[in-house]
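Have a look at it first, then read the points in order.

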Amino acid sequence: MNQADFQTLLPVIVLTVWAALLLIVDLFIDKEKKGITAILAAVGLALTMGISLSQTGQTSLGFSEMVVLDGFSTFVSILLLFSGLMGISIAYGYLKRMGIERGEYYSLILFSIVGMMLMTQAADLIVVFIALELLSIPLYVLAAFANTNASSEESGIKYFLLGAFSGSFVVYGIALVFGATGTTAIAGIAATAAAGTANVPLMLAGSALILVGFGFKVAAVPFQMWTPDVYQGAPTSVTAFMAAGAKIAGFAALMRVFSTAFPSIATDLTPVLAVLAALTMIVGNVAAIAQKNIKRMLAYSSIAHAGYILMAFVAFGNPALVDDAISAAIFYLVAYAVTNFGSWAIVISLEEKEGKGLALDDYAGLWRSNPLMAVAMAVFMLSLTGIPPTLGLIGKIYLFRVVVEGGFIWLAIIGVLTSLISAFYYLRLIVIMFMKDGEPKTTPEGWLDLTWGAMAIATVVFSFIPMSLFAWASEALMK
Amino acid sequence: MEGVSVNYYIGLSAILFIIGVLGVLVRRNALVIFMSIELMLNAANLAFVAFSSVNNSLDGQIFVFFIMTVAAAEVAVGLALIVAIFRTKKSIDVDQINLLKG
């Protein structure tokens, strides 16, 4: 391992070591003081984030060109570390309240983030596969973390069986791509395809299987059926982390693999991606209308948002547009992560033991009992719909612009129409909170309140200065 | 590769993969579903080894080791989950694992 290898993978190495040490240190921490473990985990994430920030602008390859460090990986890694910090701050009080506070929770979160970060740095399909499993396996455990609670266990086993199923699709797809091109290096695949020595039908079949596998991970229709069940059954803090982290990592891998390895077969893949995006937006938004449980409603909403992000992929084979498409998708992921953690933090605040406090009607009268929280939730719902002045609107504008420039006007129209449909169920929650009478109980918790407060402010403030954020996202290119 | 053409190996791996997919979709016992998933992974292993020999590249064979390691890690977590759910429900039939729906 030489200096360049070490530099390229430094954040991942630091976080791996930290997570492993945390597992040992946790043994010596009292059962009553697991808050210390949470703080140590957060320190590890902050330290890694510092290292990642210091690597801004650097590009290098390491470990025989198996991993790459570039603007894209640095930006997405920072976003993932931010998700980890949010995931810990909303879990801190929640786990104690639900009686499932155990130290390994935090190590598992860290290991999962290691997998996600490795995914953004992958320059070889072998690394993509290992990162995929490294991020998924801790998430299976986390989904079943409220052990002996039947719905959490059910959520864990469903996530596990479908996750492993989709993982084997990815592996078989990689095998076919390897057969078609004779290499697993992402750049090598593109080079072989450009030289015309690749077996194109085999490569198409392989890329389709990889797309199926990642379709499961990011919850795109028709591979979305596990999402509502898993999101509903898992402890809410895990759901929030899973909804943001796994989605960001899955899309990062799709962007890396499709825009670098497969531009040569873009003409065949683009219509498929466009149809997947359209179906995902329609099914996610229409199914969300019928939901009475807030966790299920947000689960379908996360499916719909996967559809919006998938729209950016229709431009991946167009060299003039691919950079814009990636920046738009990353920007949307930032907006989604911020809104996502804010809204889930409020769900956690209202949740009581044994799954009570999760029905939409439990939000009635929130405006009277906790006006600030009601306003924050309204901001998140507006942002998810795409109504100004919120970050969600700006994200959608950038996405729609890319889609229209890519010549897929019908897809942009479907996107706008489904946004209108989504307004129905997002605004319904606002009506319930502000117009109906009720006595919702909220739990005051410092870190939780800080999380939704800060996210609500960020959602509004960044929508007034989107250019600076977008400029930052535009530097996140794969060079 | 004297005697048997490599196409047969690829064909066999494709058949194994399809049997695995059908197993996951058709069978209702969580353990059998899990075994079908392992079958899919091993189909990929066979494809990797066969393609490795066609392409004269060792990458595929290295990949097989990674797949086997990851499969072992998956087994550890998966069986633990199946045991946990069996203790709660006294059944691992996926049709009876149906608390969450709507």
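1. A word on burial before anything else: a residue is buried if 20 or more other C-beta atoms lie within 10 Å of its own, exposed if 12 or fewer, and partly exposed in between, with C-beta atoms placed from the backbone. A:Tyr105 has 27 C-beta neighbours inside 10 Å, so A:Tyr105 counts as buried. You'll find A:Tyr105 in helix α4 (residues 104–121) of chain A; helices (H or I, at least four residues) and strands (E, at least two) are DSSP runs, numbered from the N terminus.

2. Housekeeping: this is a predicted model, where local features need pLDDT of at least 70 and side-chain atom pairs count only at pLDDT 80 or more, while totals for chains, interfaces and linings use all residues. Residues are numbered from 1 along each chain as its sequence is written, and chains are lettered from A and ligands numbered from 1 in the order in which they are written.

3. What does A:Tyr105 touch, leaving out residues up to four places away in sequence? The partners are A:Ala91, A:Leu95 and A:Phe145, where contact means C-beta atoms, placed from the backbone, within 7 Å. A:Thr16 sits 89 residues from A:Tyr105 along the chain, with 15 Å between their C-alpha atoms.

4. On to the interface: 36 residues of chain A are in contact with 36 residues of chain B. On the chain A side, α5 (125–143), α6 (150–181) and α9 (226–233) each give two or more residues, and α6(A) has the largest share with 17 residues. By class, that side of chain A splits into 17 nonpolar, 14 polar and 5 charged. Here Ala, Val, Leu, Ile, Met, Phe, Trp, Tyr, Cys and Pro count as nonpolar, Asp, Glu, Lys and Arg as charged, and the others, Gly among them, as polar.

5. α9(A) is mostly covered, with 7 of its 8 residues buried. A:Asp229 is one of the buried residues, and A:Tyr231 is another. The buried residues of α9(A) pack against α5, α6, α10 (236–261) and α12 (294–311) of chain A.

6. Next, a helix pair: α11 (residues 266–289) and α17 (residues 409–435) of chain A pack at about 15°, axes 9 Å apart. Axes are lines fitted to C-alpha atoms, for helices over the stretch in contact, and angles run from 0 to 180 degrees between N-to-C directions. α11(A) and α17(A) are therefore roughly parallel to each other (under 35 degrees; over 145 is roughly antiparallel, 65 to 115 roughly perpendicular and the rest oblique). Their contact has 13 nonpolar, 4 polar and no charged residues.

7. Compare α13 (322–350) with helix α19 (residues 466–474) of chain A: the axes of α13(A) and α19(A) come within 9 Å and cross at roughly 125°. That makes α13(A) oblique to α19(A). A:Ser327, A:Ile330, A:Phe331 and A:Val334 in α13(A) meet A:Leu469, A:Phe470, A:Ala473 and A:Ser474 in α19(A). The class count for this contact is 6 nonpolar, 2 polar and no charged residues.

8. Buried or exposed: how do the residues of α15(A) come out? Of its 15 residues, 11 are buried, so α15(A) is largely enclosed by the rest of the structure. Just after α15(A), A:Gly386 takes a positive phi of about 100°.

How values were computed. Contact = placed C-beta atoms within 7 Å.
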